[in-house]
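Keep the model open as you read.

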Amino acid sequence: MRIAVCDDNAVFLQFFKSMLANELESRSVKAEIETFTKAGSFFYCHSKKPFSAIFLDLDMPEMTGFEVARQLGQNGNCFVIFVTSHQELVYDSFNFRPLNFICKDPDADVMKDRLHMVAGQLTDALKQEKTVVLENREQGRISVKLRDVTYIESNSHSIIYHFANNKDTIAVRDSIGEI
């Protein structure tokens, strides 16, 4: 998992990175966390090797967090979590469909609790993005995202994968215990 943290305050950036690294480590999640004080350097790195998620400050001088989120929405698949001291902007953030919103709080324990909840949400969301390869005689090898699987049915010695479009199914010779 590649995660970016973008905030113009270098002291807060290191504090938050440390908190995030500890939280992910406690969940046994391997993550590469990069920090950015400028949106431009974030976009440069993101274009070379995309990030899975970005924790994004809203109040930055070069480009606001909303402007960064707007550009991300046009260019790719990256979960956005806004991190800001401007609680009044939480409703405005909904226009960008963030995964969540973390308010900067002088009480580190309050932020840790919120980060704990958001990290759980993020790891669950990223699991849904995972691609698996299913194989059968008729269709060969097919790559599918877990988020597209609606349910799995066991029938005799086959597992039947049903998808969100309610039309396609893929039958694989396997058992529930194996999958």
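What you're looking at is a predicted model, so local features need pLDDT of at least 70 and side-chain atom pairs count only at pLDDT 80 or more, while totals for chains, interfaces and linings use all residues. Residues are numbered from 1 along each chain as its sequence is written, and side-chain values use heavy atoms, with hydrogens and water left out.

Now the overall picture. The chain has five helices and 10 strands; these are DSSP runs numbered from the N terminus, with helices being H or I of at least four residues and strands being E of at least two. The C-alpha trace spans about 60 × 35 × 30 Å along its principal axes. Of the 179 residues in the chain, 37% are buried. The accessible surface is about 10700 Å², and carbon and sulfur atoms own 48% of that (areas are from the Shrake-Rupley method with a 1.4 Å probe, and for residues only the protein chains shown count as cover).

On to the charges. Side chains of opposite charge can pair when their charged atoms come close. How many salt bridges does a search of the whole structure find? It turns up six, a salt bridge being a side-chain nitrogen of Lys or Arg within 4 Å of a carboxyl oxygen of Asp or Glu. One of them joins R2 and E32, at 2.7 Å from N to O. R2 sits in strand β1 (residues 2-6) and E32 in strand β2 (residues 32-36), so this pair ties together parts that are 30 residues apart in sequence. R2 is buried at 9% relative accessible area, whereas E32 is partly exposed at 33%.

Another salt bridge pairs K104 with D57, with 3.7 Å between the closest N and O atoms. This pair links distant parts of the chain, 47 residues apart: K104 is in the loop between β5 (100-103) and α5 (108-128), and D57 is in strand β3 (residues 53-57).

R141 is exposed, at 61% relative accessibility. Going back to R2 and E32, they belong with E34 to one network of salt bridges that share partners.

Next, the inside. In soluble globular proteins, nonpolar side chains tend to be buried together. A nonpolar core here is a set of buried Ala, Val, Leu, Ile, Met, Phe, Trp, Tyr and Cys residues joined through side-chain atoms within 4.5 Å. The largest one has 23 residues, and F16, L20, F55 and I102 touch the most other members. Elements giving two or more residues to this core are β1, α1 (10-26), β3, β4 (79-84) and α5. The largest share, seven residues, comes from α5.

Zoom in on I102: setting aside neighbours within four places in sequence, its contacts (heavy atoms within 4.5 Å) include F16, F55, I81 and L115. Apart from this core lies another, of 20 residues, with A4, F51, L56 and F66 among them.

Finally, find F163 in strand β9 (residues 158-163). Is F163 buried or exposed? F163 is buried, at 8% relative accessibility. Beyond its neighbours within four places in sequence, F163 is in contact with residues including V144, V149 and I170.

Technical notes:
Buried means under 20% relative accessible area, exposed over 50%, partly exposed in between (1.4 Å probe, protein chains only).
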